[in-house]
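Please look through the sequence and the model shown here before reading on. The paragraphs after it are meant to be read with the structure open beside them.

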Amino acid sequence: MVPAQLDEFREYVREVAESIKQFSMIVDREDRFAKESVSKVFESGLAGVIIPEKYGGLGLTTKHYVIFIEELTKVCPSTAVTFAVTSGLSAGFLINFASEDIKREYLPKVSSGEYIGAFALTEPCCGSDAGNLRTRAEETDGGFKLNGQKVFITNASVANFVITMASTDPEKGKKGITAFLVDTDSKGFLVLKNEYKLGWRGSVTSTIVFDDVFVPKDKVIGKRGEGFKYALASLDAGRIGIAAMGMGTIARALEISTEYVKENGLTDNENFTYRLADLAWMYEVSKEYTFKAAEKKDKGENFTKEASIAKLVASEYAMKSVNIMMDILGPDGVVWGEAERLFRDTKVLEIGEGTSEIQRMVISRTLL
Ligand code: CAA
């Protein structure tokens, strides 16, 4: 039984996270999907953290989700992002916008660990300018045929389904984009390559191709032409997940640094102890903004600005925090080990699910 009280919930996640610790350096070294860790998290029941109980999930809040992702990040950022995309971005998309039939078919399988999800928006032509995407969905007998290419898609090569944005009405631009649920065993769904990456090497990031992939009508998600808005709304929620990863990164950088300062007799040296203080306040500030966004989301209020602020603050502080950690550890940080892995795993937080500049754009638009 997963406890609902927040502190007890955190303890439960910590125990699960502890059980995957043994794999986090191995998957990084071997540059392969963290399948053992992902299985263990699925066994814990936590994958369905925000999925309603009627679809087999835990029906808990976004704050629980933040704690879940934060604690996984402290141990294995690769596993954390696999679940941020499956349990957060993809499941959230279905909860908010899919038909009852799709929810009944897919959400219980995410909750139970049978299904991994992915979210495909980015294309070679268009990353930040996602509304200009070129993947086409032509109407055909009983459904649509998809053709196009998506890049940097987390989980794509291990996923069972990919929520895919494609243009059904190119002449309408952004208003012609529709969301589709594509089963990855569909004919014509191809994984072109998995990226060899700086960090998150235990998670997969792929280029995928849609070569005349047939998607039946009942796998259209929501209304035709509304896909881009669904994607942006889902990214708002997704950004809370990345902010949670930022929190986990800062928390772990603080733990590693504190241990180092204590073990090396540096507790009276302000050059070191003041840096620990910086890590501590960066964590608290990131937590404050991330929980604020989570709370607004749970109250059903608009949280676009808060999610972007949380993502911007937590990801930029996370990058600063791993730099500080490396300064504290000196040569002990750059040799192969957890510190250098965490350092490499962090840069992408400022890039994925909208770069820092995109967050600034989103925030500024809410002010004007
Ligand atoms: N929620 C709901 N609807 C929204 C919205 C939101 N947060 N933001 C805008 N909209 C609506 C607008 O109201 C508008 O609707 P109307 O036409 O009816 O008025 C429509 O969506 C289009 O909005 P904009 O004209 O403002 O859109 P834009 O083209 O100017 O783009 C943007 C805005 C913020 C730059 C957006 O393109 C963006 O967020 N880009 C970054 C994309 C991104 O984050 N990509 C990451 C992909 S996922 C990933 O990293 C990898 C992975 O595997 C997970």
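What follows goes from a bond between cysteines to the nonpolar core, and then to the pockets and the cavity.

This is a predicted model, in which local features need pLDDT of at least 70 and side-chain atom pairs count only at pLDDT 80 or more, while totals for chains, interfaces and linings use all residues. Residues are numbered from 1 along each chain as its sequence is written, and side-chain values use heavy atoms, with hydrogens and water left out.

A disulfide is a covalent bond between the sulfur atoms of two cysteines. When a disulfide is taken as a pair of cysteine sulfur atoms within 2.5 Å, the count comes to one. The partners are Cys125 and Cys126, whose sulfur atoms lie 2.1 Å apart, and the link is left-handed, with -95 degrees about the S-S bond. To describe the surroundings of a residue, buried means under 20% relative accessible area, exposed means over 50%, and partly exposed means in between (1.4 Å probe, protein chains only). Cys125 is partly exposed at 34%, whereas Cys126 is buried at 4%.

The next topic is the nonpolar core, a set of buried Ala, Val, Leu, Ile, Met, Phe, Trp, Tyr and Cys residues joined through side-chain atoms within 4.5 Å. The largest such core has 113 residues, and those that touch the most other members are Phe68, Leu94, Leu146 and Met165. Helix H6 (residues 227–263) gives this core its largest share, 16 residues; helices (H or I, at least four residues) and strands (E, at least two) are DSSP runs, numbered from the N terminus. Which residues are in contact with Leu94, leaving aside its neighbours within four places in sequence? Where contact means heavy atoms within 4.5 Å, they are Ile102, Lys103, Tyr106, Leu107, Phe161, Ile163, Leu181 and Ile221.

On a 1 Å grid over the protein atoms alone, a cavity is a set of points where a 1.4 Å probe fits but cannot get out, a pocket is an open set with protein on both sides within 12 Å along at least five of seven lines, and lining residues have an atom within 4 Å of a point. Grid points are joined across faces, edges and corners, and a volume is the space filled by probe spheres set on the points.

The largest pocket holds about 1,300 Å³ of space, and among its 44 lining residues Thr122, Ile351, Gly352, Glu353 and Gly354 lie nearest its centre. H6 supplies the largest share of this lining, seven residues. By class, 21 of the lining residues are nonpolar, twelve polar and eleven charged, where Ala, Val, Leu, Ile, Met, Phe, Trp, Tyr, Cys and Pro count as nonpolar, Asp, Glu, Lys and Arg as charged, and the others, Gly among them, as polar.

The second largest pocket holds about 320 Å³, and of the 20 residues that line it, Ile50, Gly92, Asn96, Ala237 and Lys297 are the closest to its centre. In the lining of this second largest pocket, the largest share, seven residues, comes from H4.

The whole structure has one cavity of 30 Å³ or more, and the space in the largest cavity is about 30 Å³. Its lining includes Ser24, Val27, Asp28, Cys76 and Trp200, and of these Cys76 is buried, at 2% relative accessibility. Helix H1 (6–30) and H10 each supply at least two residues of this lining, with H1 giving the most, three residues.
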